[in-house]
Amino acid sequence: MKTKLFFALMLFALPFISNAQQINDEIKLIQSAFGMEKRAMVEQYMGLPADSGFWTIYEAYEVERRALMKDRILLIEEYLTKLPTLSETDADQIALKAMKNNASLTGLGAKHYKKIKKEIGAVNAAKFIQLESYIQNTVLLAITESLPFIGEL
C-alpha cells in the first residue's frame with residue numbers, strides 16, 4: 001500500500017504551472033488519478049463490503065477534502081509566486097490561510113468521524129481516521145519538502 005501511495009504522491013511533486021486555468025486543470029487531473037488510487041487503498045485497508053453505508057460517507061468526505069486540497073495547492077502557487085518579493089502583508093495572509101486550511105482539514109475529519117463511527121463503529125472509524133491521517137501527512141510532507149523556505153531564494 002505504501003508503494004502505491006508513493007507513486008500517487010509523485011503526482012503532487014510535479015512543478016506548479018503559472019496559468020490559472022492550467023493550474024485548475026492540473027489539480028483536477030491529479031485529484032482524479034490520486035482519488036482512484038486512494039479509494040483502492042481505502043477499500044483494501046478497510047475491508048468493508050461495497051454496500052456498506054461507509055462508502056456514501058466516504059464519498060461526501062472526499063468531495064470536501066478535495067476542495068480543501070485544491071485550496072491548499074492554490075495557496076502554494078500563491079506562495080511560490082510571491083516568495084521572491086514576499087512582503088509582510090503577503091506573508092501574514094499566506095500564513096493565516098495555511099492555518100485556516102489546516103484547521104478546516106482537521107475539522108473535516110472530526111465531522112465525518114462521528115458519521116463513520118455511527119455507521120461502522122468506533123474501531124473501524126478510528127482505522128479510517130488513522131489511514132486518512134497517514135495519507136494526508138505523507139502528501140503534505142511530500143509537498144512541503146519540495147517548497148523553498150522563506151529567505152532561501
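The legends below describe views of a predicted model of one protein chain.

**View 1. Overall fold of the protein chain.** The protein chain has five helices and zero strands, where helices are DSSP runs of H or I of at least four residues and strands are E runs of at least two, numbered from the N terminus. Along the sequence the pattern reads α-α-α-α-α. Among contacts (heavy atoms within 4.5 Å) between residues at least 6 apart in sequence, 74% join residues at least 24 apart.

**View 2. Packing of helices α3 and α4.** Helix α3 covers residues 54-82, and helix α4 covers residues 88-120. Their axes, lines fitted to C-alpha atoms over the stretch in contact, lie 10 Å apart at an angle of about 170°, on a scale from 0 to 180 degrees between N-to-C directions. The pair is therefore roughly antiparallel (over 145 degrees). By class, the contact has 14 nonpolar (Ala, Val, Leu, Ile, Met, Phe, Trp, Tyr, Cys and Pro), 11 charged (Asp, Glu, Lys and Arg) and five polar residues (the others, Gly among them).

**View 3. Surroundings of Glu 78.** Glu 78 lies in helix α3. Glu 78 counts as buried because its relative accessibility is 18%. Leaving aside neighbours within four places in sequence, Glu 78 is in contact with Ile 94 and Lys 97.

Residues are numbered from 1 along each chain as its sequence is written, and side-chain values use heavy atoms, with hydrogens and water left out. Local features need pLDDT of at least 70 and side-chain atom pairs count only at pLDDT 80 or more, while totals for chains, interfaces and linings use all residues.

Notes
Buried means under 20% relative accessible area, exposed over 50%, partly exposed in between (1.4 Å probe, protein chains only). Angles under 35 degrees count as roughly parallel, over 145 as roughly antiparallel, 65 to 115 as roughly perpendicular and the rest as oblique.
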